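Biologist: I would like to go through this model with you. Please take my questions one at a time.

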Amino acid sequence: MTGGKYGDLEAKCKKSIEHLKVEASRLRTGRANAGMLEGVSVEYYGSFVPIIQLGMINVPEPRLITVQVYDAGAVEAVEKAIQKAELGLNPMRDGNLLRLAVPTLNEERRKEMVKKLHQLGEDAKIAIRAHRKDANDLIKKDEKDKKISQDDARKQTDEAQKITDKFVAETDVVVSAKEKEILDK
């Protein structure tokens, strides 16, 4: 197996970690975070557009997000999209400016968030292990096709496992940091 295939395994695992970080950033912690609106799409003139393209998102206070909508005709659409996103945020309109007060989380809601976070972490680990399986399948195919020796196949399988272990550990770090952020009041 060439170094390129390893780079492929490592690149795929990095993408899984990045996806986990993005998904974790969307979880509410009781503090305002512009990333909370990242996945919100707005129906604008018949097509769905990311909210970031329709307005400037700011966090002027720890519990407040503002969206300065560029087009006055899109304010209502942006407001509806935020409500439909089920983020627990209720937009208040002030001309082209939407104010989103981020309510504090109660203990029950924090536990729900942590549970969802752990599920996201588990999903990332499953994806990383699937990438390892794909790499191992390539190694076995190369060995079967006599492109590499049995010893090289074993070394490469061990290397794939080391890469997998590294990224699974990184997943745990991301999850525990976000869990601490959620549980801190």
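Predicted model: local features only at pLDDT ≥ 70, side-chain atom pairs only at ≥ 80, totals over all residues.

Modeller: Residues are numbered from 1 along each chain as its sequence is written, and side-chain values use heavy atoms, with hydrogens and water left out.

Biologist: Is Thr164 buried or exposed?

Modeller: Thr164 is found in helix α4 (residues 150-183), and it touches Ile128, Arg129 and Arg132, not counting residues up to four places away in sequence. Contact means heavy atoms within 4.5 Å. Buried means under 20% relative accessible area, exposed over 50% and partly exposed in between, with a 1.4 Å probe and protein chains only. Because its relative accessibility is 1%, Thr164 counts as buried.

Biologist: Which class does Lys125 fall into, buried or exposed?

Modeller: Lys125 is found in helix α3. Leaving aside neighbours within four places in sequence, Lys125 is in contact with Val168, Thr171 and Asp172. Its relative accessible area is 14%, so Lys125 is buried.

Biologist: What is the relative accessibility of Glu112?

Modeller: Glu112 also has its place in helix α3. Glu112 counts as partly exposed because its relative accessibility is 39%.

Biologist: How many residues of the lining of the largest pocket come from helix α3?

Modeller: A pocket is an open set of points on a 1 Å grid over the protein atoms alone, where a 1.4 Å probe fits, with protein on both sides within 12 Å along at least five of seven lines; lining residues have an atom within 4 Å of a point. About 310 Å³ of space lies in the largest pocket. Of the 15 residues that line it, the closest to its centre are Arg26, Leu27, Glu86, Leu87 and Lys116. The largest share of the lining comes from helix α3 (residues 107-144), with five residues.

Technical notes:
Helix = DSSP H or I, 4+ residues; strand = E, 2+ residues; numbered from the N terminus. Points joined across faces, edges and corners; volume = space filled by probe spheres on them.
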